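Biologist: I am new to this structure. Could we go through a few of its residues and then its sheet?

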Amino acid sequence: MKYEVKIIETTRITHNVVRLKIAKPSGFTYTLGQAIELTLKTPNFKKQFAPFTLVSNPKDRHLSLIIKIYPEHHGLTEGISKANTTDSLIITEAWDSYQYMGEGVFIAAGSGITPFIPMFRELNKKNGLKNHRLIYANRRSTDIILKDELTQLFKSEFFNILSKQQTSTYDYGRIDFAYLKSRIKEPNQQFYLCGPESFMNSVKKDLIKYGVKQTNIQTGN
C-alpha cells in the first residue's frame with residue numbers, strides 16, 4: 001500500500017544532510033528501526049523510490065527522516081533537498097530494518113547512523129545507554145550527523161573516526177581489525193552495523209575474526 005503525504009518541514013542539519021518532517025497518514029503504523037520507501041510526487045521522480053529509515057517515534061503525530069543529499073547524482077535526494085511544504089511525497093508501508101536485540105556496540109558510517117537514532121532515543125528514555133558504545137566513521141568532522149545529541153547520549157562511549165581529516169579530537173583512519181580490537185572491550189555482546197555494503201562486509205569479517213559470533217552481528221534486512 002502507498003500513501004500520499006505532505007511535507008511539513010525540511011531542515012538542514014549538516015552541509016549535505018536534511019531532516020524531513022512529513023505528515024503521518026491515518027492508520028499508518030510502524031515500530032522503531034523500521035524503514036519506508038519514498039519518492040517525490042512529480043513526473044521526474046514518481047518511479048524513483050528509495051529506502052530511508054524512520055527516525056521519529058511511533059507515538060509521534062508526524063514522521064521524520066534524516067536524508068543524505070547527493071547533488072552530484074542529480075536525483076531524488078537533490079529533489080528532496082529543494083522540496084517545500086507545497087510538495088507531496090509517496091511513501092510505502094514500513095518494513096523491518098533493524099531490531100534491538102540487547103546491549104552492545106553500534107558501528108555506523110555516514111548516513112548509516114540513521115536507523116539507530118530512534119533506538120538510542122528510546123533506550124535513553126528507559127535505562128540510558130550506559131552499557132552501549134557507538135563507533136562512528138565519517139570523512140570529515142562536518143559530516144558527523146547529530147554530533148551534539150550523540151555526544152550527550154553516549155558521552156565517553158562515543159568514538160568518532162575520520163578518514164579525510166586529522167584532528168586532535170577524533171581518531172583518524174578507517175575501521176579495520178586493529179581499530180576494532182582497540183575500541184571493543186569484549187566480543188560477547190551484540191553488534192549493530194550500518195553503512196555502505198562494502199563497509200558492513202569488511203567490518204563484519206573483522207568482527208568474526210575478533211571472535212564475535214555471526215549470530216550477534218546485525219546488518220539490517
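Modeller: Keep in mind that this is a predicted model. We can start with Asp 87.

Biologist: Is Asp 87 buried, partly exposed or exposed?

Modeller: The relative accessibility of Asp 87 is 23%. Buried means under 20% and exposed means over 50%. Because its value falls in between, Asp 87 counts as partly exposed.

Biologist: Which backbone atom lies 2.8 Å from a polar atom of the side chain of Asp 87?

Modeller: Asp 87 sits in the loop between α1 (76-82) and β6 (88-92). Leaving out residues up to four places away in sequence, Asp 87 touches Val 5, Lys 6 and Ile 7. The atom at 2.8 Å from the polar side-chain atom of Asp 87 is the backbone nitrogen of Asn 84.

Biologist: Is Thr 53 buried or exposed?

Modeller: Thr 53 belongs to strand β4 (residues 50-53). Beyond its neighbours within four places in sequence, Thr 53 is in contact with residues including Gly 33, Leu 65 and Pro 115. Its relative accessibility is 10%, so Thr 53 counts as buried.

Biologist: Which strands stand at the edges of the open sheet?

Modeller: Six strands form this sheet, with parallel pairing, in the order β10-β9-β8-β7-β11-β12. A strand with a single partner has one side left without a neighbour in the sheet, so the edges are β10 (171-172) and β12 (217-218).

Biologist: What is the bridge partner of Phe 191 in β12?

Modeller: Strand β11 (residues 190-194) runs parallel to β12, and two bridges join them. In β12, the partner of Phe 191 is Ile 217.

Notes. Residues numbered from 1 in each chain as written. Predicted model: local features only at pLDDT ≥ 70, side-chain atom pairs only at ≥ 80, totals over all residues. Heavy atoms only, no water. Pairing = 2+ DSSP bridges. Helix = DSSP H or I, 4+ residues; strand = E, 2+ residues; numbered from the N terminus. Buried < 20%, exposed > 50% of the residue type's maximum accessible area, 1.4 Å probe, protein only. Contact = heavy atoms within 4.5 Å. Polar contact = N/O pair within 3.5 Å; in protein donor to acceptor, adjacent residues only side chain to side chain.
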